[in-house]
Amino acid sequence: MKGNRILEVNCMDTSTHITMGFGLAGLAFIDPAVAARPELASAVLIGTVLGSNAPDFDYGIRLFKGNDMYTEHHRGLSHSIPAWFMWTGLLTAIIYLFHFNFTALELIHLSGWIFLAVVLHVIFDIFNAYGTQAARPFTKKWLSLNFIPLFDPLIVFLHLLGLALWGLTGDPGLVFLIVYLMIGLYLLERFFSSRRVLAMVKMEVDGNDSVTIIPTIRWSVWNIVLETDSFFDVGELRNKELKWIHTFEKADQDAYVLDKAKKDENVGHFLKNSKHVHSVVLSIPSGYEIRFFDLRFRAKNHYPYMAVCQMTKNGLILSSCTGWFHQADQFKSKLISHENAGKNQLEA
């Protein structure tokens, strides 16, 4: 139904991973074994496209366990170090079922390109604001370098340009070698730019406060979240000018209600991979509605990544949900029907 669409943002947009899979298949032609045998080149194409998306196959969690469990575990074990080898081995084995005539050396070349596709998926996820648990099993810490957006149009454009030149020149190895060198230079610039932006913001605020910068698709615009002991400030750095947009005070008067809500399983899923979480407690006829917002992800005046919990006044959880919601009231369809919860404290 129009107006009811839920916005979901994966680590990197799926279209990005698909185009990277085709790009790596083109780059693979610099490998003499791949260039010399069309059948191996075709297998590598299938392998790199699947490998570039394999870590996100944990989408199955949502299908079988629900969106809330998926919210917690997405980009967890499926992106971990053991998973790199698991995805590579699994995809190589599946492709081998249809190519029994491959020699052991050809299988090594095939698995090598699949492994590169899997690892690059994880690396690019680390580069954006959402991050991933790529260092498991050594640590469950979320790794995020925050210097490219969740969807980067330049990276996609360069891949599409490379695919077009592949068709025109017939030399995909050289074309995508140049494409990936250009992407590498772009990533270096974005990384050092993010360090300059972070230093610039820290000069404007108390150095002891927690500051997170979030890149946008505009190179000159960065979203900023500042967290202190008593409040959150959300703003943006545009053309080197810092502007604060929202301020949220950390209130203690609803500590009992918040503590109860945080024990809910779905809310717990959300909190485990969120940062700079602002909470709002609303009174409703049946008790309370508690909303948790991850302030890193701002879409104009709305914060779409959130968890919502409804509970009675004596602490009984009635319903809850978590995920990406493009409009403030879209989560209502996922909660038990109640009367109007009152005016939201955040502008939708």
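This is a predicted model: local features need pLDDT of at least 70, side-chain atom pairs count only at pLDDT 80 or more; totals for chains, interfaces and linings use all residues.
Student: Why is Ala129 called buried?
Tutor: Ala129 has a relative accessible area of 3%. Buried means under 20%. Therefore Ala129 counts as buried.

Student: Where does Ala129 lie, and what does it touch?
Tutor: Ala129 lies in the loop between H7 and H8. Leaving out residues up to four places away in sequence, Ala129 touches Ser144, Asn146, Ile148, Ile214, Arg296 and Phe297.

Student: What makes Asn146 a residue to look at?
Tutor: Its phi. Asn146 has a positive phi of about 60 degrees, yet it is not a glycine. Most residues other than glycine have a negative phi. Asn146 also sits in the loop between H7 and H8.

Student: How do you know whether Asn146 is buried or exposed?
Tutor: Relative accessibility for Asn146 is 11%. The cut-off for buried is under 20%, so Asn146 counts as buried.

Student: Which loop holds His276, and what is its phi?
Tutor: His276 is in the loop between helix H11 (265-272) and strand E5 (277-284). Its phi is positive, about 55 degrees, and His276 is not a glycine.

Student: Why is His276 called buried?
Tutor: The relative accessible area of His276 is 4%. Under 20% means buried. So His276 is buried.

Student: What kind of peptide bond joins Arg136 and Pro137?
Tutor: A cis bond, with omega of about 15 degrees. Most peptide bonds are trans. Pro137 is in the loop between helix H7 (104-127) and helix H8 (153-169).

Conventions:
Residues are numbered from 1 along each chain as its sequence is written. Side-chain values use heavy atoms; hydrogens and water are left out. Helices (H or I, at least four residues) and strands (E, at least two) are DSSP runs, numbered from the N terminus. Buried means under 20% relative accessible area, exposed over 50%, partly exposed in between (1.4 Å probe, protein chains only). Contact means heavy atoms within 4.5 Å.
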